[in-house]
There are 2 protein chains.
Amino acid sequence: MQTERQKEIIEAALVLINDKGIQGFTIKNLANKIGITEPAIYRHFTNKIQILISILEYFKTSTKDILKKELNNNDTSIEKIGHLFTNHFIRFSTTPSLVSVIFSEEVFRSEPILIEKITEVIERNDNILIKIICDGQANGEIRNDIEAKYLSIVIMGSLRLFVKKWQFAGNSFNLRAEGEKLIESIKLIIEK
Amino acid sequence: MQTERQKEIIEAALVLINDKGIQGFTIKNLANKIGITEPAIYRHFTNKIQILISILEYFKTSTKDILKKELNNNDTSIEKIGHLFTNHFIRFSTTPSLVSVIFSEEVFRSEPILIEKITEVIERNDNILIKIICDGQANGEIRNDIEAKYLSIVIMGSLRLFVKKWQFAGNSFNLRAEGEKLIESIKLIIEK
DNA sequence: TGGAAGTTAGTGAACATTCACTAACTTTGT
DNA sequence: ACAAAGTTAGTGAATGTTCACTAACTTCCA
């Protein structure tokens with residue numbers, strides 16, 4: 001489990017990465033943000049990479065909660081996809097710095113362990129989405145003139161770009177409200 | 001105009017960024033890659049930022065050629081969108097490091113001048129795509145139950161994610177061939 | 001022969017990390 | 001009940017390394 005201070009460091013690191021990119025994520029900046037000195041950071045993490053690893057864990061577990069809740073209900077496949085993304089929009093609205101994690105290939109490029117971890121997360125999410133699509137195609141809800149693999153790229157790609165635009169715009173529009181419209185468009189696209 | 005050496009530096013920088021990210025883009029690595037010493041770089045560029053600016057210019061002008069050729073012919077809107085992306089796939093296949101530029105928000109985050117330049121490029125491409133979609137909607141080619149703005153996110157987002165996956169996979173599959181299938185899927189999605 | 005393009009050898013600043021040390025707690029033995 | 005011993009979370013100073021960049025010298029070619 002994580003101590004209060006560790007959580008504080010992880011959250012500060014996320015904000016730092018979100019605001020200034022990897023280049024801004026230095027131990028000095030991190031310590032300044034929290035209001036302690038640089039060496040104090042090392043009382044809570046053995047090194048910088050461990051902080052990044054914890055960020056990924058933090059994201060992974062908080063994603064798991066969303067997924068569990070959604071996947072095991074009796075909604076239709078299309079409804080499931082809708083809810084999945086609504087939940088993500090809510091999560092990103094509450095903690096905008098989390099967005100950096102889903103576009104973190106660049107941030108985590110430095111270390112093979114990090115690349116491995118991020119690949120794991122991406123692949124798991126991919127597989128979940130493809131599974132939902134396949135189910136929907138099997139029961140006639142979702143069009144089957146396009147392979148699930150390609151539909152998943154269309155869905156995930158749309159949402160990623162949309163969130164990226166929100167991040168690029170400095171979170172200046174309502175992700176939740178605008179996002180609903182995009183979700184509606186995607187539903188129209190994938191339905192049979 | 002650019003000298004041979006300047007071109008060589010720009011291309012080496014692109015490869016470096018593509019292989020190792022921003023963190024790998026140092027003057028030392030750049031000089032090593034070309035086979036000259038660090039100070040020699042400064043005979044050709046006043047500083048590091050100028051190299052990044054030149055990369056963006058390099059991308060911008062080479063994109064302009066593709067766009068010009070495609071926009072002023074008599075193809076249908078859907079064909080135009082298809083050709084646009086086929087051409088990009090060909091370009092990326094020839095010069096894989098160019099992919100880094102379209103995902104360069106992170107790389108160019110350090111300098112306001114760079115952010116401005118990359119924003120310019122993104123907005124121009126966005127507007128061109130939206131224009132094509134609107135034309136297609138007006139003449140009944142493209143579905144109009146979804147706003148052009150959202151369709152453009154779906155199209156652009158799909159292709160970005162697809163190219164990102166290709167980059168992430170170390171360019172291990174045939175972008176051109178696989179890409180054609182994605183383009184066909186997108187055509188099915190947007191047609192009336 | 002002179003300027004362009006290269007070199008060697010440096011600069012200060014920033015980086016992650018380690019050092020010796022301390023103030024303020026908690027635990028433990030008598 | 002209370003002091004000795006140990007722990008936790010912090011400090012300022014310093015580590016070696018890397019960074020972008022520069023001054024001064026040399027080589028090469030038109």
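1. Cys134(A) is partly exposed, at a relative accessible area of 36%. Here "partly exposed" sits between buried (under 20% relative accessible area) and exposed (over 50%), using a 1.4 Å probe and protein chains only. Cys134(B) is also partly exposed, with 37% relative accessibility.

2. A word on how to read this: the model is predicted, so local features need pLDDT of at least 70 and side-chain atom pairs count only at pLDDT 80 or more, while totals for chains, interfaces and linings use all residues. Residues are numbered from 1 along each chain as its sequence is written, chains are lettered from A and ligands numbered from 1 in the order in which they are written, and side-chain values use heavy atoms, leaving out hydrogens and water.

3. Over all chains there are zero disulfides, a disulfide being a pair of cysteine sulfur atoms within 2.5 Å.

4. Now to the DNA. Around DNA strand C there are 16 residues, and the closest are Tyr42(A), Arg5(B), Thr37(B), Arg43(B) and His44(B). Of the atoms of DNA strand C that come within 4 Å of the protein, 56% belong to sugar and phosphate.

5. Look at the phosphate oxygens of DNA strand C next. One lies 2.5 Å from a side-chain N or O atom of Thr37(B). A polar side-chain atom of His44(B) is 2.5 Å from a phosphate oxygen, and for Lys48(A) the distance is 2.8 Å. Two elements, α2 (27–34) of chain A and α3 (38–41) of chain B, each give two or more residues to the surface near DNA strand C.

Note on methods: Near = heavy atom within 4 Å. Polar contact = N/O pair within 3.5 Å; in protein donor to acceptor, adjacent residues only side chain to side chain. Helix = DSSP H or I, 4+ residues; strand = E, 2+ residues; numbered from the N terminus.
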